[in-house]
Amino acid sequence: MTKISKILTVCFVVSCAAVISNDLFAQMRAGVKGGLNVSNLYIDDVSDENARFGFNLGVYGQILSSDAFAIQPELLFSTKGSEIEYGGSLFDQTVKYNLSYLDLPVLAVFKLGESAEIHVGPYVGYLLGANISHDGDLGSGVDDIDKDNLKSFDYGLSGGFGLNFGNLQVGARYNYGLAELADSDAADLLIGDAKNSMAQIYLALNLNNQKDN
């Protein structure tokens with residue numbers, strides 16, 4: 001192969017790589033997201049009773065992105081737990097179990113054209129903090145929970161969808177926890193074999209300035 005042929009071959013390969021790289025980057029969504037959490041602690045069956053309202057906030061990105069598929073890891077601060085109301089003829093009291101996690105979902109993204117996506121995959125969460133707050137006829141206050149009473153890691157399955165409006169995505173997701181949270185006799189007495197469950201509504205802002213394909 002002559003020098004000119006080698007140069008032309010290298011130029012062709014570099015040009016192809018640049019086009020492919022630019023195409024993949026243009027299809028990739030990456031940015032910030034946040035929204036509302038509606039969480040609960042469940043033992044046997046998930047219920048909408050005793051739900052706690054909180055929030056999620058973090059970043060996301062897509063890799064191995066194409067017109068039809070992508071892998072989307074996220075890193076989110078997320079509040080979980082539940083709220084229980086005790087009432088009767090003698091007193092009324094509201095007790096909240098407040099848990100804070102750093103969640104890492106890794107989701108398979110199935111793209112339904114440019115406007116919609118389906119997200120499915122596992123998540124793992126690390127417990128950052130926990131407390132119990134109470135308010136009512138018996139008094140108000142906040143009591144910290146020793147993290148040693150709870151397992152440090154949560155894990156489970158996530159599934160949901162997103163609707164794209166240009167660089168803005170509106171979505172909903174459900175997280176089904178598979179890990180029992182109690183890690184001591186004291187915690188087992190309070191919450192038994194409870195696991196996390198959580199529904200999310202979120203807004204995600206794509207910070208990739210190139211146009212999605």
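Visitor: How many helices and strands does the protein have?
Guide: The protein has two helices and nine strands. Helices (H or I, at least four residues) and strands (E, at least two) are DSSP runs, numbered from the N terminus. From that end, the elements run α-β-β-β-β-β-β-β-β-α-β. This is a predicted model, in which local features need pLDDT of at least 70 and side-chain atom pairs count only at pLDDT 80 or more, while totals for chains, interfaces and linings use all residues. Residues are numbered from 1 along each chain as its sequence is written, and side-chain values use heavy atoms, with hydrogens and water left out.

Visitor: Why is tyrosine 42 called buried?
Guide: Buried means under 20% relative accessible area, exposed over 50%, and partly exposed in between (1.4 Å probe, protein chains only). Tyrosine 42 has 3%, so it counts as buried. Of the 213 residues of the protein, 38% count as buried.

Visitor: What makes tyrosine 176 partly exposed?
Guide: Its relative accessible area is 32%, which lies between the 20% and 50% limits, so tyrosine 176 is partly exposed.

Visitor: Why is the pair of tyrosine 42 and tyrosine 176 called stacked?
Guide: The structure holds four aromatic pairs. One of them joins tyrosine 42 and tyrosine 176, at 5.3 Å centre to centre and 25 degrees between the planes. Rings of Phe, Tyr and Trp (its six-membered ring) pair if their centres lie within 6.5 Å; planes under 30 degrees apart count as stacked, over 60 as edge-to-face and the rest as tilted.

Visitor: How do you know that the charged end of lysine 33 sits over the ring of tyrosine 202?
Guide: A charge sits over a ring if NZ of Lys or CZ of Arg is within 6 Å of the ring centre and within 35 degrees of the ring normal. For lysine 33 the distance to the centre of the tyrosine 202 ring is 3.7 Å. Lysine 80 sits likewise over the ring of tyrosine 101, 4.5 Å from its centre.

Visitor: Is asparagine 40 buried or exposed?
Guide: Asparagine 40, in strand β1, has 6% relative accessibility, under the 20% limit, so it counts as buried. Asparagine 40 and isoleucine 84 are 44 residues apart in sequence and 9.9 Å apart in space, C-alpha to C-alpha.

Visitor: What share of contacts join residues at least 24 apart?
Guide: Contact means heavy atoms within 4.5 Å. Among contacts between residues at least 6 apart in sequence, the share that joins residues at least 24 apart is 65%.
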